[in-house]
Amino acid sequence: MASTNELSTYSFDNSTMCADQLISEFLDGRLGRITWGILQIVLTVFGDIGNILTLIVLNQRLMRKGGVNNLLQGLAISDIVAPTFACIPHLFYYYGPRENDSLINFINLYVTPIATGATFCSNWIVVTITSFRLLIVLKPLYSQVYCSSRNEKKVLIIISMCSILSITPYYYYHRNPNAMNVLRVISAVLSLLCPWVVCVILWILLLRIVNREIGTKRSNEFTLHPDITAQRLKSKSRITKMILIICFFNIICQLPVLILTVLSLLNENPCTYASAITFVCLLFLSNILLIVNHSINFVIYSLTNTKFRCALKIMCRRLCSFYHHRLIHQQITISTKYDKVQNKIKRYPRSNSNSYESPRLVISMRSIHSTKYNMNKTTHLLV
């Protein structure tokens, strides 16, 4: 009877298990440690390295005059901040002191909103890049006025200010659960739903227009300077394809996050086993895809943009030549020091073995000889 009761209670517990219990079990288990404690941190490190290299390459002379250069730099900065601050709670949870709950609560209250604000910036910068590219393809003459570098900087400032305003209420109303629920709804709409919907619409429009405006059919209409025109259209199509790929990855990677946010707003802690498993799987998948979304832009730039690859090769060559010249300089200084030592040895050679004697031995021998001379002199006088 006892075994049947245990089985019935175990099945009942499985049927009524909530998402919080599953999340705590997965966090303390092997799967959670591998996913959040190792994989997410490794992806974040590689993504940060790629985004730092992207910033360095975009600041090269060859890339400064490129289209949407300032927006790509802002996207790289937000892609560094968002996953880095999102990984800090997992670092303290797995590798920090477990007994210090106040530190973990402090990190969740004051560090996690920064990652939310950086995600807000990243999503709206992708929307801005896609809209600017759509305007360049549709209205090239108007794009020279509206898609200038000055306007890009203005848009970046506006997006940064809006992200700061969106996360500021978290620090004032973190002790009020009702206000926090309202803030989560507003943040989900502004930072996830709205940019995702706008990004999907712009991506579909740009995908439909790209073949009509800069495809091979359009290039055949130009009769004057066909080679130059074909080359410009080809480079234009490559940049547009690059932005289409960035927008596509943003849409795919943000979709599980959007679904998870909607489900958590409808039911924050589902207590049926199937819904709890679905919630936890979406949580794992959304975290991994968010890190991938923030880390993959360097790979996209390297594969689709020849100008970016050329600037990256020039930077690597300069770095290798710098270390090569530094190594040669060290070898030259070592050889000159060695030559100086050899010249000193040639100027002052050590002919006899007495030169190798110690100073104390030389002084003692001189004193012995002087005493012998004095003794001989005194004996001669006595005689």
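The model is predicted, so local features need pLDDT of at least 70 and side-chain atom pairs count only at pLDDT 80 or more, while totals for chains, interfaces and linings use all residues. Residues are numbered from 1 along each chain as its sequence is written, and side-chain values use heavy atoms, with hydrogens and water left out.

**Cavities**

- Searching the whole structure turns up two cavities of 30 Å³ or more. A cavity here is a set of points, on a 1 Å grid over the protein atoms alone, where a 1.4 Å probe fits but cannot get out, and lining residues have an atom within 4 Å of a point. Points are joined across faces, edges and corners, and a volume is the space filled by probe spheres set on them.
- The largest cavity holds about 50 Å³ of space. Its lining is made of Asn-123, Leu-192, Pro-195, Trp-196, Cys-199, Asn-250, Ile-251 and Gln-254.
- Sorted by class, the lining of the largest cavity has five nonpolar, three polar and no charged residues. Nonpolar covers Ala, Val, Leu, Ile, Met, Phe, Trp, Tyr, Cys and Pro, charged covers Asp, Glu, Lys and Arg, and the others, Gly among them, are polar.
- The second largest cavity comes in at about 40 Å³. Around it you'll find Leu-75, Asp-79, Ser-122, Val-126, Ile-246, Asn-250, Asn-293 and Asn-297, which split into three nonpolar, four polar and one charged.

**Annotated spans**

- An unreviewed UniProt entry marks "transmembrane region" at several stretches, including 70-95 and 185-210. Such annotations may be inferred rather than shown by experiment.
- Residues 70-95 are 100% helix and 0% strand, with end C-alpha atoms 37 Å apart.
- Residues 185-210 are also 100% helix and 0% strand, and their end C-alpha atoms lie 36 Å apart.

**Aromatic rings**

- Rings of Phe, Tyr and Trp (its six-membered ring) pair if their centres lie within 6.5 Å; planes under 30 degrees apart are stacked, over 60 edge-to-face and the rest tilted. The count comes to six aromatic pairs.
- Phe-248 and Phe-249 are an edge-to-face pair, because their ring centres are 6.1 Å apart and their planes sit at 80°.
- Together with Trp-203, Phe-248 and Phe-249 form one aromatic cluster.

Note on methods. On a 1 Å grid over the protein atoms alone, a cavity is a set of points where a 1.4 Å probe fits but cannot get out, and a pocket is an open set with protein on both sides within 12 Å along at least five of seven lines; lining residues have an atom within 4 Å of a point. Helices (H or I, at least four residues) and strands (E, at least two) are DSSP runs, numbered from the N terminus.
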